[in-house]
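Have a look before reading on.

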Amino acid sequence: MSWDLGSLMIKPVQRVLKYPLLLRELLSVTSPTHHDHDDLLAALKEMEEVADNINEIKRRKDIVEKIVGDKKKTEISAQQFKQATGLAIEPTHDLLFESMHAQFEEQQEDIRQFARDIQGWVRHVKVSFEHMQQLSGSMKSLYNSWGGVRVKSLHSVDDFNRMSNYLFNIFSRELDNDVRSFVYSHIDELLRVYENPNQVIHKRSLKMIDYDRVRDMKSKGDIPDKSLQESADAYVSINAQLVEELPQFFLLTSKYFDIILKEWTTVQVKYFNIMKKETQNLIQRHLDLSSISSYEQIISHNQHQLQKLEPLINDITIINKRKSYQNSLPSSLSSQGFYSLAESDNDVTPPTSSVYSHLSVPPPDTRSSSHEFKCVVLYDFETHEEDMLNVKRGTLLRINQDEYDPNDGWWYATTVDDTQSGLIPISYCRRL
């Protein structure tokens, strides 16, 4: 006779249930005075308990499987309303199950929060890549716009631009794919594991209503009908099954979560290794910092180099208004002491009358000034700064402040047609 694998595997389970019948038959033909009679009786009792336990477990699993497979909604009886209004006894509380249920819900929320944190980290990394690409593009455009930039400097900017483009256009997509394949997919699978226990827990809460109803009826001396009693018994079985299996469920899900953490760690290690490799290559090619071993030393070295640039920046005339104005004066006027600053920034020595001898205007009036007066421009004044006023020689301006107001040798002027306004050097004007 041939047997398939399923039939062979179920034999030990079926045989356990046959042992009580065999022992009962042996006991019936064994004399009470026989020395094996007591041992047979004890063995029969033990095997009956084993058989009852197997049948109870099978019954619980059948109920749970029926619940998991049943997708139809179950109507809630009026028992909850009675309990809320005090017409029925207090609902049942199983502190052990309630503690497990709270842990069950907390685990699900922790997994969802973990997924949200990963999503936030990936978004932060991609934004940083985007900002790096924008910075490198701006630096490249700026360096290309300067004709006198050293070729070596432009090469370093080009390499930085290539690195930022690789991180933003290629590696960011690889990072997305890795997170989606190795982390998000496993998180989704782990959350699906909670679906069936959720259904059983929900069914338990519904059956508990019938269980409390039976308790209430019995406390009043009433006898529940068969279907209601079966529903109450189902609650007992479901609750016992959950209390027994939830600890094992927590153990398995924690192991699964450890696997997800390892996958997530692998993704992050890959990210940091690539960032380290790209950064080190850029530094070694262009900064010549082979003796530097930490990022703090790189920052210190860079700050030291920037300190050397400070005096060079201060020599740029378009940044310093006073230097820009002094450099723009005609050399003939500068040699005559046309613009000389005294100890105070407000003490500006006006030009002498000889300066105006070639113009058809009288010398400047040095009497006390009013808050608004007119002046004539003596020399062309051109600048690219927004707060300055570009004017030509002979333009009439209206000054809107006192002639000797402390403004570092500058007046705020407006053309007489009110079309332009801005700052102009005091010594470029003569008050009318």
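In which crossing, left-handed or right-handed, does H4 pass H6? This is a predicted model, and in it H4 goes past H6 in a left-handed crossing. Helix H4 and helix H6 pack at an angle of about 140 degrees, and their axes sit 12 Å apart. On the H4 side, the residues that meet H6 are Phe-97, His-101, Phe-104, Glu-105 and Gln-108. Their partners in H6 are Pro-197, Asn-198, Ile-201 and Arg-204. Sorted by class, that contact of H4 with H6 has four nonpolar, three polar and two charged residues.

Next up is H7. With 61 residues at 1.5 Å a residue, helix H7 should span 90 Å, and its end C-alpha atoms are 87 Å apart, so the two agree.

| Helix | Residues |
|---|---|
| H4 | 95–145 |
| H6 | 195–219 |
| H7 | 226–286 |

Now for the strands. Five of them make an open sheet in the order E4-E3-E2-E1-E5, with antiparallel pairing. At the edges are strand E4 (421–425) and strand E5 (429–431), each pairing on one side only. Neighbouring strands of this sheet are turned by 45 degrees against each other on average, direction ignored. Inside the sheet, strand E2 (residues 396–399) and strand E3 (residues 410–415) run antiparallel and are joined by three bridges. Arg-398 stands opposite Thr-414 in E3.

Key
Residues numbered from 1 in each chain as written. Predicted model: local features only at pLDDT ≥ 70, side-chain atom pairs only at ≥ 80, totals over all residues. Heavy atoms only, no water. Axes fitted to C-alpha atoms, helices over the stretch in contact; angles between N-to-C directions. Helix = DSSP H or I, 4+ residues; strand = E, 2+ residues; numbered from the N terminus. Left-handed = near helix turned anticlockwise from the far one by under 90°. Contact = heavy atoms within 4.5 Å. Nonpolar A, V, L, I, M, F, W, Y, C, P; charged D, E, K, R; others polar. Pairing = 2+ DSSP bridges. Expected span 1.5 Å × (residues − 1).
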